[in-house]
Amino acid sequence: MHDAFGEELARWQHVETVVRGVLERYGYREIRTPAVEKVEVFKAVGDATDIVEKQMFLLQAPGPEAAGSDVRPEKDLMCLRPEGTAGFVRAVVEHNLGANGALGRYYYALPMFRYERPQKGRLRQFHQFGIELVNDATPDADAESIAVMDDVFRAFGLTQYDVRLNSVGCADCRPAYTKLLVAYFEPHRAQLCEQCQKRLDRAPMRLLDCKNETCKALAAKAPKLIDHLDEKCRAHHAGVEATLRAAEVKYVNDPTIVRGLDYYRRTAFEFQSDLLGAQSALGGGGRYDGLAARFGGDVNFTAVGWGMGVERLLIALEASGYFTGKTFATGPVVQLVPIGAEAYAKLLKLSYSLRRRGIGAQIAYAPDKAMKWHMKQADRTAAKFALIAGETELASGVAQLKELATGTQSQVPFAELEDWLLARTPKV
Ligand code: HAM
(Lines give C-alpha, C1' and ligand atoms only; values in the text may rest on other atoms or scores of the structure.)
Protein backbone atom coordinates (compact mmCIF):
# COMPACT_ATOMS: atom_id res chain seq x y z
CA MET A 1 0.00 0.00 0.00
CA HIS A 2 1.20 3.43 -0.78
CA ASP A 3 1.11 6.99 0.57
CA ALA A 4 0.58 9.63 -2.10
CA PHE A 5 1.47 13.31 -1.66
CA GLY A 6 3.31 16.23 -3.22
CA GLU A 7 4.06 16.26 -6.94
CA GLU A 8 3.07 12.60 -7.34
CA LEU A 9 -0.39 13.29 -5.97
CA ALA A 10 -0.68 16.44 -8.11
CA ARG A 11 0.07 14.33 -11.21
CA TRP A 12 -2.50 11.81 -10.12
CA GLN A 13 -5.12 14.53 -9.68
CA HIS A 14 -4.29 15.94 -13.09
CA VAL A 15 -4.62 12.48 -14.67
CA GLU A 16 -7.94 11.95 -12.93
CA THR A 17 -9.27 15.26 -14.29
CA VAL A 18 -8.28 14.35 -17.85
CA VAL A 19 -9.79 10.84 -17.58
CA ARG A 20 -13.06 12.12 -16.11
CA GLY A 21 -13.26 14.55 -19.04
CA VAL A 22 -12.98 11.73 -21.60
CA LEU A 23 -15.54 9.53 -19.81
CA GLU A 24 -18.03 12.34 -19.33
CA ARG A 25 -17.85 13.30 -23.02
CA TYR A 26 -19.16 9.80 -23.80
CA GLY A 27 -21.99 10.29 -21.30
CA TYR A 28 -20.62 8.23 -18.40
CA ARG A 29 -21.65 9.46 -14.94
CA GLU A 30 -19.91 8.72 -11.70
CA ILE A 31 -21.02 6.09 -9.20
CA ARG A 32 -19.37 5.45 -5.83
CA THR A 33 -20.02 2.12 -4.17
CA PRO A 34 -18.70 1.16 -0.74
CA ALA A 35 -15.22 -0.29 -0.22
CA VAL A 36 -16.73 -2.96 2.02
CA GLU A 37 -19.11 -5.58 0.64
CA LYS A 38 -20.33 -9.00 1.66
CA VAL A 39 -17.97 -11.73 0.48
CA GLU A 40 -21.01 -13.26 -1.19
CA VAL A 41 -21.03 -10.39 -3.72
CA PHE A 42 -17.72 -11.52 -5.19
CA LYS A 43 -18.79 -15.14 -5.71
CA ALA A 44 -19.85 -13.73 -9.06
CA VAL A 45 -16.19 -13.18 -9.93
CA GLY A 46 -15.64 -16.94 -9.62
CA ASP A 47 -14.78 -19.24 -6.70
CA ALA A 48 -11.80 -20.69 -8.50
CA THR A 49 -10.30 -17.33 -9.49
CA ASP A 50 -7.16 -16.07 -7.75
CA ILE A 51 -8.97 -12.90 -6.76
CA VAL A 52 -11.66 -14.70 -4.79
CA GLU A 53 -9.72 -17.73 -3.67
CA LYS A 54 -6.56 -16.08 -2.39
CA GLN A 55 -6.64 -12.32 -2.64
CA MET A 56 -9.56 -11.01 -0.62
CA PHE A 57 -8.98 -9.04 2.57
CA LEU A 58 -11.63 -10.51 4.87
CA LEU A 59 -12.97 -8.33 7.66
CA GLN A 60 -13.43 -9.49 11.19
CA ALA A 61 -16.57 -7.72 12.44
CA PRO A 62 -16.74 -7.18 16.21
CA GLY A 63 -18.86 -9.69 18.14
CA PRO A 64 -21.86 -8.54 20.21
CA GLU A 65 -19.82 -8.20 23.45
CA ALA A 66 -17.20 -5.92 21.92
CA ALA A 67 -19.65 -3.86 19.94
CA GLY A 68 -22.18 -3.13 22.69
CA SER A 69 -25.81 -4.07 22.88
CA ASP A 70 -27.06 -1.45 20.39
CA VAL A 71 -24.98 -2.91 17.54
CA ARG A 72 -26.36 -5.78 15.53
CA PRO A 73 -23.62 -8.38 15.11
CA GLU A 74 -22.66 -8.83 11.47
CA LYS A 75 -23.84 -12.22 10.37
CA ASP A 76 -22.32 -12.10 6.90
CA LEU A 77 -18.64 -12.29 6.20
CA MET A 78 -17.41 -8.98 4.80
CA CYS A 79 -14.37 -8.03 2.71
CA LEU A 80 -12.63 -5.10 1.08
CA ARG A 81 -13.64 -4.97 -2.57
CA PRO A 82 -11.06 -6.59 -4.86
CA GLU A 83 -12.70 -5.22 -8.01
CA GLY A 84 -15.52 -2.89 -9.03
CA THR A 85 -17.92 -4.82 -11.22
CA ALA A 86 -19.63 -7.17 -8.75
CA GLY A 87 -20.39 -4.33 -6.30
CA PHE A 88 -21.58 -2.22 -9.20
CA VAL A 89 -24.06 -4.86 -10.34
CA ARG A 90 -25.21 -5.32 -6.74
CA ALA A 91 -25.93 -1.56 -6.65
CA VAL A 92 -27.72 -1.66 -10.02
CA VAL A 93 -30.06 -4.36 -8.73
CA GLU A 94 -30.50 -2.77 -5.30
CA HIS A 95 -31.46 0.64 -6.73
CA ASN A 96 -33.20 -0.70 -9.81
CA LEU A 97 -30.89 1.38 -12.01
CA GLY A 98 -31.48 -0.79 -15.05
CA ALA A 99 -35.27 -0.84 -14.66
CA ASN A 100 -37.24 -1.34 -17.87
CA GLY A 101 -34.08 -1.64 -19.87
CA ALA A 102 -32.92 1.88 -18.93
CA LEU A 103 -29.59 2.48 -20.57
CA GLY A 104 -26.92 3.46 -18.12
CA ARG A 105 -23.33 4.64 -18.52
CA TYR A 106 -21.44 4.68 -15.22
CA TYR A 107 -17.86 5.23 -14.24
CA TYR A 108 -15.85 5.01 -11.04
CA ALA A 109 -12.44 6.01 -9.74
CA LEU A 110 -12.05 3.93 -6.60
CA PRO A 111 -9.53 2.03 -4.47
CA MET A 112 -9.49 -1.76 -4.80
CA PHE A 113 -7.79 -4.25 -2.48
CA ARG A 114 -6.06 -7.50 -3.39
CA TYR A 115 -3.75 -9.52 -1.22
CA GLU A 116 -1.01 -9.94 -3.84
CA ARG A 117 2.75 -10.19 -3.82
CA PRO A 118 3.58 -6.50 -4.27
CA GLN A 119 5.98 -5.32 -6.96
CA LYS A 120 6.23 -2.36 -9.32
CA GLY A 121 2.73 -1.76 -10.67
CA ARG A 122 1.18 -4.36 -8.37
CA LEU A 123 -0.13 -3.08 -5.06
CA ARG A 124 -2.42 -4.36 -2.35
CA GLN A 125 -4.40 -1.16 -2.35
CA PHE A 126 -4.55 0.13 -5.90
CA HIS A 127 -6.96 2.34 -7.78
CA GLN A 128 -9.09 1.73 -10.80
CA PHE A 129 -10.89 3.88 -13.25
CA GLY A 130 -13.73 1.77 -14.51
CA ILE A 131 -16.70 2.11 -16.81
CA GLU A 132 -19.82 -0.03 -17.00
CA LEU A 133 -22.37 0.29 -19.82
CA VAL A 134 -25.66 -1.29 -18.82
CA ASN A 135 -28.53 -2.62 -20.95
CA ASP A 136 -26.99 -2.56 -24.36
CA ALA A 137 -26.30 -5.96 -25.90
CA THR A 138 -25.03 -4.68 -29.25
CA PRO A 139 -21.48 -5.19 -30.53
CA ASP A 140 -21.37 -1.39 -30.88
CA ALA A 141 -21.53 -1.09 -27.08
CA ASP A 142 -18.49 -3.39 -26.73
CA ALA A 143 -16.65 -1.40 -29.38
CA GLU A 144 -17.56 1.86 -27.64
CA SER A 145 -16.17 0.65 -24.34
CA ILE A 146 -12.89 -0.34 -26.02
CA ALA A 147 -12.74 2.97 -27.89
CA VAL A 148 -13.26 4.85 -24.62
CA MET A 149 -10.19 3.23 -23.07
CA ASP A 150 -8.30 3.96 -26.28
CA ASP A 151 -9.39 7.60 -26.07
CA VAL A 152 -8.17 7.81 -22.47
CA PHE A 153 -4.67 6.93 -23.68
CA ARG A 154 -4.98 9.18 -26.72
CA ALA A 155 -5.84 12.09 -24.40
CA PHE A 156 -2.30 11.79 -22.99
CA GLY A 157 -0.66 11.22 -26.36
CA LEU A 158 0.20 7.68 -25.26
CA THR A 159 0.75 5.33 -28.21
CA GLN A 160 2.92 2.51 -26.88
CA TYR A 161 0.27 -0.11 -26.14
CA ASP A 162 -1.70 -2.88 -27.88
CA VAL A 163 -5.41 -3.54 -27.80
CA ARG A 164 -5.87 -7.31 -27.52
CA LEU A 165 -9.30 -8.64 -28.34
CA ASN A 166 -10.90 -12.04 -27.91
CA SER A 167 -14.27 -13.70 -27.57
CA VAL A 168 -14.75 -16.12 -24.70
CA GLY A 169 -18.02 -17.36 -26.15
CA CYS A 170 -21.18 -17.97 -24.17
CA ALA A 171 -22.89 -20.61 -22.03
CA ASP A 172 -23.99 -22.36 -25.26
CA CYS A 173 -20.69 -22.70 -27.07
CA ARG A 174 -18.07 -22.57 -24.32
CA PRO A 175 -18.73 -25.97 -22.68
CA ALA A 176 -18.08 -27.91 -25.91
CA TYR A 177 -14.90 -25.91 -26.48
CA THR A 178 -13.73 -26.46 -22.90
CA LYS A 179 -14.07 -30.21 -23.48
CA LEU A 180 -11.87 -29.94 -26.58
CA LEU A 181 -9.33 -27.97 -24.60
CA VAL A 182 -9.18 -30.48 -21.76
CA ALA A 183 -8.85 -33.31 -24.28
CA TYR A 184 -5.94 -31.43 -25.89
CA PHE A 185 -4.06 -30.73 -22.62
CA GLU A 186 -4.78 -34.00 -20.78
CA PRO A 187 -2.04 -36.05 -22.54
CA HIS A 188 0.45 -33.29 -21.56
CA ARG A 189 -0.68 -33.03 -17.93
CA ALA A 190 2.69 -34.06 -16.49
CA GLN A 191 4.51 -31.30 -18.43
CA LEU A 192 2.22 -28.53 -17.15
CA CYS A 193 3.20 -26.26 -14.25
CA GLU A 194 1.71 -27.10 -10.88
CA GLN A 195 -0.85 -24.27 -11.18
CA CYS A 196 -1.99 -25.41 -14.60
CA GLN A 197 -2.41 -29.02 -13.47
CA LYS A 198 -4.99 -27.68 -11.01
CA ARG A 199 -6.46 -25.33 -13.61
CA LEU A 200 -6.99 -28.25 -15.98
CA ASP A 201 -9.62 -29.56 -13.58
CA ARG A 202 -11.09 -26.28 -12.36
CA ALA A 203 -10.67 -23.54 -14.97
CA PRO A 204 -9.10 -24.98 -18.14
CA MET A 205 -9.29 -21.73 -20.10
CA ARG A 206 -6.85 -20.14 -17.69
CA LEU A 207 -4.19 -22.46 -19.10
CA LEU A 208 -4.17 -20.26 -22.16
CA ASP A 209 -2.70 -17.23 -20.41
CA CYS A 210 -0.11 -19.00 -18.24
CA LYS A 211 3.31 -17.31 -18.40
CA ASN A 212 5.30 -20.55 -17.87
CA GLU A 213 7.30 -21.27 -21.05
CA THR A 214 6.26 -24.95 -21.39
CA CYS A 215 2.59 -24.16 -20.78
CA LYS A 216 2.86 -21.24 -23.21
CA ALA A 217 4.31 -23.44 -25.94
CA LEU A 218 1.53 -26.01 -25.47
CA ALA A 219 -1.12 -23.29 -25.33
CA ALA A 220 0.08 -21.86 -28.63
CA LYS A 221 -1.04 -25.05 -30.40
CA ALA A 222 -4.26 -25.53 -28.44
CA PRO A 223 -7.63 -25.21 -30.19
CA LYS A 224 -8.81 -21.60 -30.22
CA LEU A 225 -12.22 -20.63 -28.95
CA ILE A 226 -12.54 -18.06 -31.71
CA ASP A 227 -12.72 -21.02 -34.17
CA HIS A 228 -15.42 -22.75 -32.11
CA LEU A 229 -17.87 -19.94 -31.41
CA ASP A 230 -21.52 -20.51 -32.18
CA GLU A 231 -23.16 -18.48 -34.92
CA LYS A 232 -24.44 -15.68 -32.63
CA CYS A 233 -21.11 -15.23 -30.85
CA ARG A 234 -19.26 -15.20 -34.15
CA ALA A 235 -21.58 -12.53 -35.57
CA HIS A 236 -21.21 -10.50 -32.38
CA HIS A 237 -17.43 -10.66 -32.58
CA ALA A 238 -17.47 -9.63 -36.23
CA GLY A 239 -19.70 -6.67 -35.26
CA VAL A 240 -17.26 -5.55 -32.57
CA GLU A 241 -14.40 -5.71 -35.06
CA ALA A 242 -16.32 -3.73 -37.69
CA THR A 243 -17.15 -0.91 -35.27
CA LEU A 244 -13.60 -0.82 -33.93
CA ARG A 245 -12.41 -0.30 -37.50
CA ALA A 246 -15.00 2.46 -38.00
CA ALA A 247 -13.86 4.10 -34.76
CA GLU A 248 -10.25 3.79 -35.98
CA VAL A 249 -9.13 1.76 -32.99
CA LYS A 250 -6.19 -0.51 -33.84
CA TYR A 251 -6.52 -3.97 -32.28
CA VAL A 252 -5.28 -7.51 -32.65
CA ASN A 253 -7.22 -10.74 -32.04
CA ASP A 254 -5.48 -12.65 -29.27
CA PRO A 255 -6.79 -16.08 -28.13
CA THR A 256 -4.79 -15.86 -24.88
CA ILE A 257 -7.00 -13.07 -23.52
CA VAL A 258 -9.20 -15.20 -21.26
CA ARG A 259 -9.24 -12.81 -18.25
CA GLY A 260 -8.91 -13.86 -14.62
CA LEU A 261 -12.57 -13.37 -13.75
CA ASP A 262 -15.42 -15.75 -14.53
CA TYR A 263 -18.25 -13.40 -15.44
CA TYR A 264 -17.25 -12.61 -19.02
CA ARG A 265 -19.35 -13.64 -22.00
CA ARG A 266 -18.29 -13.07 -25.60
CA THR A 267 -16.07 -9.98 -25.76
CA ALA A 268 -12.95 -9.92 -23.58
CA PHE A 269 -10.09 -7.47 -24.07
CA GLU A 270 -6.92 -6.13 -22.56
CA PHE A 271 -4.75 -3.10 -23.17
CA GLN A 272 -1.12 -4.12 -22.76
CA SER A 273 2.01 -2.02 -22.73
CA ASP A 274 5.69 -2.79 -22.39
CA LEU A 275 6.11 0.54 -20.58
CA LEU A 276 5.00 -1.16 -17.38
CA GLY A 277 7.98 -3.42 -16.72
CA ALA A 278 6.99 -6.54 -14.81
CA GLN A 279 3.28 -6.04 -15.45
CA SER A 280 1.74 -5.70 -18.85
CA ALA A 281 -1.96 -4.90 -18.41
CA LEU A 282 -2.94 -1.25 -18.36
CA GLY A 283 -6.57 -2.26 -18.27
CA GLY A 284 -8.99 -4.96 -19.21
CA GLY A 285 -12.64 -5.80 -19.41
CA GLY A 286 -15.39 -7.36 -21.41
CA ARG A 287 -19.06 -8.23 -21.61
CA TYR A 288 -20.81 -9.74 -18.60
CA ASP A 289 -24.43 -10.32 -19.62
CA GLY A 290 -26.51 -12.15 -17.05
CA LEU A 291 -24.55 -11.10 -13.98
CA ALA A 292 -27.52 -9.28 -12.38
CA ALA A 293 -29.39 -12.58 -11.98
CA ARG A 294 -26.85 -13.58 -9.31
CA PHE A 295 -28.10 -10.66 -7.23
CA GLY A 296 -31.76 -11.42 -7.83
CA GLY A 297 -31.92 -8.95 -10.72
CA ASP A 298 -33.21 -9.12 -14.28
CA VAL A 299 -32.17 -12.28 -16.12
CA ASN A 300 -32.00 -10.25 -19.32
CA PHE A 301 -29.44 -7.84 -17.88
CA THR A 302 -26.67 -7.04 -20.33
CA ALA A 303 -23.51 -5.02 -19.72
CA VAL A 304 -19.97 -4.38 -20.83
CA GLY A 305 -17.15 -2.49 -19.14
CA TRP A 306 -13.54 -2.32 -18.07
CA GLY A 307 -11.15 -1.46 -15.28
CA MET A 308 -7.85 0.37 -15.64
CA GLY A 309 -5.07 0.59 -13.05
CA VAL A 310 -4.48 4.24 -12.16
CA GLU A 311 -1.00 3.53 -10.76
CA ARG A 312 -0.14 1.65 -13.94
CA LEU A 313 -1.36 4.52 -16.08
CA LEU A 314 0.90 6.85 -14.05
CA ILE A 315 3.89 4.51 -14.61
CA ALA A 316 3.20 4.38 -18.35
CA LEU A 317 2.84 8.16 -18.58
CA GLU A 318 6.06 8.70 -16.67
CA ALA A 319 7.89 6.23 -18.96
CA SER A 320 6.45 7.88 -22.06
CA GLY A 321 7.82 11.28 -20.98
CA TYR A 322 4.38 12.83 -20.52
CA PHE A 323 5.36 14.45 -17.23
CA THR A 324 8.78 15.67 -18.35
CA GLY A 325 9.16 19.40 -17.83
CA LYS A 326 5.71 19.75 -16.27
CA THR A 327 4.91 20.66 -12.67
CA PHE A 328 1.45 19.98 -11.33
CA ALA A 329 1.80 20.84 -7.63
CA THR A 330 1.05 24.56 -7.57
CA GLY A 331 1.87 27.00 -4.79
CA PRO A 332 -0.25 29.89 -3.55
CA VAL A 333 -0.73 32.98 -5.71
CA VAL A 334 1.00 35.12 -3.12
CA GLN A 335 3.33 34.79 -0.17
CA LEU A 336 3.03 37.77 2.16
CA VAL A 337 6.38 39.14 3.28
CA PRO A 338 6.08 41.49 6.26
CA ILE A 339 8.98 43.60 7.55
CA GLY A 340 8.30 44.53 11.15
CA ALA A 341 5.43 44.01 13.56
CA GLU A 342 3.15 46.70 12.14
CA ALA A 343 3.36 45.32 8.60
CA TYR A 344 2.89 41.80 9.97
CA ALA A 345 -0.41 42.78 11.61
CA LYS A 346 -1.65 44.38 8.38
CA LEU A 347 -0.62 41.45 6.15
CA LEU A 348 -1.98 38.89 8.59
CA LYS A 349 -5.39 40.55 8.35
CA LEU A 350 -5.02 40.87 4.56
CA SER A 351 -4.28 37.13 4.24
CA TYR A 352 -7.80 36.26 5.43
CA SER A 353 -9.51 38.70 3.12
CA LEU A 354 -7.44 37.49 0.12
CA ARG A 355 -8.41 33.85 0.67
CA ARG A 356 -12.04 34.83 1.04
CA ARG A 357 -11.85 36.54 -2.38
CA GLY A 358 -10.56 33.29 -3.88
CA ILE A 359 -6.84 34.15 -3.90
CA GLY A 360 -4.38 31.60 -2.53
CA ALA A 361 -2.29 33.42 0.09
CA GLN A 362 0.20 32.36 2.74
CA ILE A 363 2.05 34.15 5.49
CA ALA A 364 4.54 32.68 7.95
CA TYR A 365 3.51 33.39 11.54
CA ALA A 366 6.82 34.98 12.51
CA PRO A 367 6.55 38.77 12.95
CA ASP A 368 10.14 39.02 14.23
CA LYS A 369 11.83 37.41 11.27
CA ALA A 370 13.66 39.49 8.67
CA MET A 371 12.56 40.02 5.07
CA LYS A 372 15.14 37.55 3.76
CA TRP A 373 13.70 34.77 5.92
CA HIS A 374 10.16 35.51 4.72
CA MET A 375 11.36 35.54 1.10
CA LYS A 376 12.76 32.05 1.65
CA GLN A 377 9.29 30.91 2.68
CA ALA A 378 8.02 32.19 -0.67
CA ASP A 379 10.48 29.86 -2.43
CA ARG A 380 9.44 27.02 -0.21
CA THR A 381 5.72 27.41 -0.89
CA ALA A 382 6.43 28.01 -4.61
CA ALA A 383 4.28 31.13 -4.55
CA LYS A 384 3.79 33.04 -7.78
CA PHE A 385 4.25 36.46 -6.17
CA ALA A 386 5.84 37.82 -3.01
CA LEU A 387 4.03 40.82 -1.54
CA ILE A 388 6.57 42.87 0.39
CA ALA A 389 5.51 45.51 2.91
CA GLY A 390 7.48 47.33 5.61
CA GLU A 391 7.48 50.80 7.12
CA THR A 392 8.05 52.57 3.77
CA GLU A 393 5.18 50.73 2.04
CA LEU A 394 2.80 51.34 4.94
CA ALA A 395 3.64 55.06 4.87
CA SER A 396 3.19 55.36 1.07
CA GLY A 397 0.19 53.00 0.87
CA VAL A 398 1.87 51.15 -2.01
CA ALA A 399 3.06 47.51 -1.72
CA GLN A 400 5.91 45.86 -3.64
CA LEU A 401 4.91 42.82 -5.69
CA LYS A 402 7.64 40.57 -6.99
CA GLU A 403 6.92 37.85 -9.52
CA LEU A 404 9.24 35.10 -8.36
CA ALA A 405 9.84 33.27 -11.64
CA THR A 406 10.89 36.42 -13.53
CA GLY A 407 11.97 38.81 -10.77
CA THR A 408 9.66 41.48 -12.22
CA GLN A 409 8.68 44.12 -9.60
CA SER A 410 5.40 46.05 -9.56
CA GLN A 411 4.14 48.76 -7.22
CA VAL A 412 0.48 48.28 -6.34
CA PRO A 413 -1.53 50.52 -3.97
CA PHE A 414 -2.97 48.56 -1.03
CA ALA A 415 -6.49 49.56 -2.08
CA GLU A 416 -6.03 47.83 -5.47
CA LEU A 417 -4.12 44.77 -4.25
CA GLU A 418 -7.01 42.33 -4.11
CA ASP A 419 -8.20 43.09 -7.65
CA TRP A 420 -4.64 43.01 -8.95
CA LEU A 421 -4.00 39.58 -7.47
CA LEU A 422 -7.43 38.23 -8.42
CA ALA A 423 -6.69 39.08 -12.06
CA ARG A 424 -3.57 36.91 -11.77
CA THR A 425 -5.24 33.97 -10.00
CA PRO A 426 -5.79 30.84 -12.14
CA LYS A 427 -9.47 30.11 -12.70
CA VAL A 428 -10.74 26.77 -11.42
P1 HAM B 1 -8.92 -6.70 -13.76
O2 HAM B 1 -8.27 -7.12 -15.05
O3 HAM B 1 -8.84 -7.61 -12.63
O4 HAM B 1 -10.41 -6.37 -14.14
O5 HAM B 1 -8.30 -5.32 -13.33
C6 HAM B 1 -8.30 -4.20 -14.21
C7 HAM B 1 -6.97 -3.47 -14.14
O8 HAM B 1 -6.68 -3.09 -12.79
C9 HAM B 1 -5.76 -4.27 -14.55
O10 HAM B 1 -5.63 -4.31 -15.95
C11 HAM B 1 -4.65 -3.48 -13.91
O12 HAM B 1 -4.33 -2.33 -14.69
C13 HAM B 1 -5.28 -3.01 -12.63
N14 HAM B 1 -4.85 -3.87 -11.49
C15 HAM B 1 -5.33 -5.08 -11.15
N16 HAM B 1 -4.72 -5.55 -10.05
C17 HAM B 1 -3.82 -4.61 -9.68
C18 HAM B 1 -2.88 -4.49 -8.60
N19 HAM B 1 -2.75 -5.43 -7.67
N20 HAM B 1 -2.10 -3.38 -8.54
C21 HAM B 1 -2.24 -2.41 -9.48
N22 HAM B 1 -3.12 -2.45 -10.49
C23 HAM B 1 -3.89 -3.54 -10.60
C24 HAM B 1 -11.36 -5.99 -13.22
O25 HAM B 1 -11.13 -5.64 -12.12
C26 HAM B 1 -12.77 -5.94 -13.81
N27 HAM B 1 -13.71 -5.52 -12.75
C28 HAM B 1 -12.83 -5.00 -15.00
C29 HAM B 1 -14.19 -4.88 -15.59
C30 HAM B 1 -15.07 -3.89 -15.39
N31 HAM B 1 -14.78 -5.75 -16.39
C32 HAM B 1 -16.01 -5.35 -16.68
N33 HAM B 1 -16.20 -4.19 -16.07
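**Around the ligand**

Visitor: How far does a polar side-chain atom of Tyr-263 lie from a nitrogen atom of the ligand?

Guide: This is a predicted model, in which local features need pLDDT of at least 70 and side-chain atom pairs count only at pLDDT 80 or more, while totals for chains, interfaces and linings use all residues. Residues are numbered from 1 along each chain as its sequence is written, and side-chain values use heavy atoms, with hydrogens and water left out. The pair counts as a polar contact (N or O atoms within 3.5 Å), and the separation of the Tyr-263 atom from the ligand nitrogen is 3.0 Å.

Visitor: What percentage of the area that the ligand exposes when taken alone does the protein bury?

Guide: Arg-114 has a side-chain N or O atom 2.9 Å from a ligand oxygen, and a polar backbone atom of Leu-123 is 2.9 Å from a ligand nitrogen. Taken alone, the ligand exposes 670 Å², an accessible area from the Shrake-Rupley method with a 1.4 Å probe. Of that area, the protein buries 96%.

Visitor: Which element gives the largest share of the shell around the ligand?

Guide: Strands are DSSP runs (E, at least two residues) numbered from the N terminus. The elements giving two or more residues to the shell are β6 (125-134), β10 (281-287) and β11 (303-309). The largest share, six residues, comes from β10.

Visitor: How many residues of the shell around the ligand are charged?

Guide: There are 27 residues around the ligand, each with a heavy atom within 4 Å of it. Asp, Glu, Lys and Arg count as charged; Ala, Val, Leu, Ile, Met, Phe, Trp, Tyr, Cys and Pro as nonpolar; and the others, Gly among them, as polar. The shell divides into ten nonpolar residues and ten polar ones, and the number of charged residues is seven.

Definitions and conventions
Polar contact = N/O pair within 3.5 Å; in protein donor to acceptor, adjacent residues only side chain to side chain. Helix = DSSP H or I, 4+ residues; strand = E, 2+ residues; numbered from the N terminus.
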